[in-house]
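Here is a short briefing for a first look at a protein model. Start with the sequence and the 3D view.

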Amino acid sequence: MPGSHVADMVNLSTLDEGTILENLRNRFEEGEVYTVCGRIVVSVNPFRWLPLYGEDLVAKYHAAEDPFTTEAPHVYSVTHAALNEVAVQASRGQAMRSQSILVSGESGAGKTEATKICMRYLAVVDSLCSVGGFSGAGQLTEQILQTSPILEAIGNAQTVRNDNSSRFGKFLQLQYSADARQLGAHIQTYLLERS
C-alpha cells in the first residue's frame with residue numbers, strides 16, 4: 001500500500017525480490033527516487049529532472065559526517081563516502097588508495113545521468129574546499145561531460161527500451177593530488193557488443 005515503505009531496505013522484515021520491488025514502487029509513488037540498502041544506493045529513473053541536485057544540497061551532504069545515517073537517501077551519499085576516504089588518506093599523508101563508484105543498470109536506467117550527478121558533486125565540493133572558493137575542477141568536469149556525446153555518437157543504437165542506448169562501457173578515472181584536489185581524468189571505453 002502507498003505510504004508503507006522504508007528508506008533503508010535493511011529495515012525490511014523480509015528482504016527478497018518482491019518486497020524490494022514493492023518498497024521501491026511505494027517510495028517512487030511518494031516522489032522518492034533514491035532508496036538505500038545499507039551502503040548501496042538504488043535509484044529509480046523518474047525520466048525527468050528533479051530539484052535534488054543544487055549546490056545547497058551538495059554542501060549539506062558534504063558537511064554531513066555520514067550522510068547514509070543523517071540524510072535522506074541520495075547518490076550524493078555514495079559520492080561523499082568515496083571522496084571522504086580520499087580526503088582522510090590525504091590528511092594523514094598516506095598513499096591514497098583508489099576509491100570506486102559502480103553505476104550499473106539496464107538500458108535507459110539513467111547510468112549516464114547518475115555519473116554526471118556524481119561528477120558535479122565532486123566538482124562542487126572541490127570548489128568549496130579550494131582556497132579562495134574556486135578550483136579548475138568545475139572546468140575539468142565540464143570537459144569530461146562534453147566528451148560523452150561524442151563517444152555516444154559512435155557507439156549507440158536503438159533498443160526496445162531506449163532510443164539512444166550505449167553499446168559500450170566507460171571506465172572514468174578521476175585523478176587527485178596529494179591534498180585531495182582534482183587534477184585530471186582518464187576515460188577508457190570497452191565494447192560490449194559488436195554491430
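Predicted model: local features only at pLDDT ≥ 70, side-chain atom pairs only at ≥ 80, totals over all residues.

Residues are numbered from 1 along each chain as its sequence is written, and side-chain values use heavy atoms, with hydrogens and water left out.

**Aromatic rings**

- The structure holds 4 aromatic pairs. Rings of Phe, Tyr and Trp (its six-membered ring) pair if their centres lie within 6.5 Å; planes under 30 degrees apart are stacked, over 60 edge-to-face, and the rest tilted.
- Tyr53 and Tyr76 make an edge-to-face pair, with ring centres 6.3 Å apart and planes at 80°.
- This pair links distant parts of the chain, 23 residues apart: Tyr53 sits in the loop between β2 (40–43) and α2 (55–63), and Tyr76 in helix α4 (residues 75–91). Helices (H or I, at least four residues) and strands (E, at least two) are DSSP runs, numbered from the N terminus.
- Tyr53 and Tyr76 are both buried. Buried means under 20% relative accessible area, exposed over 50%, and partly exposed in between (1.4 Å probe, protein chains only).
- Tyr61 and Tyr76 also pair edge-to-face, at 5.7 Å centre to centre and 75° between the planes.
- Tyr61 lies in helix α2 and Tyr76 in helix α4, so this pair ties together parts 15 residues apart in sequence.
- Tyr61 is buried at 3% relative accessibility. Tyr76 is buried at 2%.
- One aromatic cluster is formed by Trp49, Tyr53, Tyr61, Tyr76 and Tyr121.

**Cysteines**

- The disulfide count is 0. A disulfide here is a pair of cysteine sulfur atoms within 2.5 Å.
- Cys37 is partly exposed, with a relative accessible area of 22%. Cys129 is partly exposed too, at 35%.

**Second largest pocket**

- The second largest pocket has a volume of about 150 Å³. A pocket is an open set of points on a 1 Å grid over the protein atoms alone, where a 1.4 Å probe fits, with protein on both sides within 12 Å along at least five of seven lines; lining residues have an atom within 4 Å of a point.
- Its lining includes Leu21, Phe28, Val42 and Ala109.
- α1 (17–29) and β2 each give two or more residues to this lining. α1 gives the most, with 4 residues.
- By class, the lining of this pocket has 6 nonpolar, 2 polar and 1 charged residues. Ala, Val, Leu, Ile, Met, Phe, Trp, Tyr, Cys and Pro count as nonpolar, Asp, Glu, Lys and Arg as charged, and the others, Gly among them, as polar.

Conventions:
Points joined across faces, edges and corners; volume = space filled by probe spheres on them.
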